[in-house]
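Please read the following note alongside the sequence and the model.

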Amino acid sequence: MKKIVCLSMMALFLVGASSVASAGKFSIGGFAGLNIPIAQEDMGNGTLFGAKGRILLLPFLGVEPNFVFSKYGDKDHDILGGAQTREGGDITSFGVDAVIGTFSGFSKARFYGILGINSNTFKWEPFEDQTRLGLSFGTGIEFLPSDIFSIEVRARVHTISLEGGGGRNNLELTAGLNYYFGPE
Amino acid sequence: MDRRKGNKKYFWLLPLLIIALVSSCWIFSGTWVIIYEVDEADIDSGHQHFHKFTVDLTTKSIWEDHKDDIDDIEDISFTFKLINHGASTATGQVYVSSNSTLSDTSAVKASATIILDGISLPAGDSLHVTMAHYYDLLQNFETLRDLVKTGVFTAYAIVPNTLNVKFRDVVVVVTFSAGM
């Protein structure tokens, strides 16, 4: 599965890269924020950071190869009146998101949707690491105070399958900066 | 003609929709934690060399609500206190089995699965095995996981002498994932 995801990412990246000349605009950026577990009683809120590129393929469509490192917070369990702490795990993710919005022109703000696929390595002591397929979807808004920098905030649901069945779903709230290259 | 072109424009969405459908089984999934406190009266210390108790998750409403949709047992922790009133250092192990009628230590060692080993307690001392400490002692997690999936199992805490080594404040914490 990891191979399929990696090959898909490479293919999408190559398609994207070959289209840069025609699209004329691409960016690199970094982001950080909160990782909030959804319906997971065993994990606490944590943090995340990551990096991404954006290649505009069409006026309404871009692809974003990305890397995200997210950490769950520790979780306190009330046991016989006292708190016992279980350490949270962490996730290292590589993936590609499709961003769908209005990217033509250079407006001051862009609103877009996100749909992505990723390979995730879930680490949780003392268990063995699992590398599993994940999906992401969400929305974001990008503000462009100049023609080379942008500020972005986004909310993304990141859902990861688990080896034994079931999955882990997280809400990722992030803010980031992007630097744009290429002609408009 | 234009309509056909318009439809083709959205073909790239098809693989993503297929992935979304395939993955729906894990998207609608959650993780729950059961904190199972073993009542002191339910610990059977009537044997010379082991304390025994049965964990019955089916008595918990969370388990009953999700038992038909359980995907996996993700984590199991045991926390407890040992008090050594004896005159020498006590060592101990914890075994688990689906059989609740094992009557002596040799039967426990022969047919149950050891999950905790390396417990050592000096004379006159006490030990609190917490969730953090427990993982250093854990063995055979996969067998334990399979047993917990059944909902009911019995644990045998082997000690040199149950009269000298007391077993208290036993709690089993079970984390499982299930469909919503």
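The points below go from the basis of the model to its details.

1. This is a predicted model, in which local features need pLDDT of at least 70 and side-chain atom pairs count only at pLDDT 80 or more, while totals for chains, interfaces and linings use all residues. Residues are numbered from 1 along each chain as its sequence is written, and chains are lettered from A, with ligands numbered from 1, in the order in which they are written.

2. Among the elements of chain A, strand β1 (residues 26-38) has the highest mean pLDDT, 96, whereas helix α1 (residues 2-23) has the lowest, 47. Over residues 13-23 of chain A the pLDDT is below 50, and this stretch has 13 contacts in the model beyond near neighbours in sequence; two residues are in contact here if their C-beta atoms, placed from the backbone, lie within 7 Å.

3. Chain A contains 1 helix and 10 strands, where helices (H or I, at least four residues) and strands (E, at least two) are DSSP runs numbered from the N terminus.

4. Among contacts in chain A between residues at least 6 apart in sequence, 59% join residues at least 24 apart.

5. In chain B, 4 strands form an open antiparallel sheet in the order β2-β7-β4-β5, two strands being paired if DSSP finds at least two bridges between them. Strands β2 (50-56) and β5 (113-121) of chain B stand at the edges, each with a single partner strand, so one side of each is left without a neighbour in the sheet. Strand β4 (residues 90-97) of chain B is joined to β5(B) by 6 bridges, and the two run antiparallel; B:V96 stands opposite B:T113 in β5(B).

6. Where the chains meet, 22 residues of chain A are in contact with 29 residues of chain B. Among the elements that give two or more residues to the chain A side are β7 (109-123), β9 (149-161) and β10 (167-181) of chain A, although β5(A) gives the most, with 3 residues.

Technical notes:
pLDDT = per-residue confidence, 0-100.
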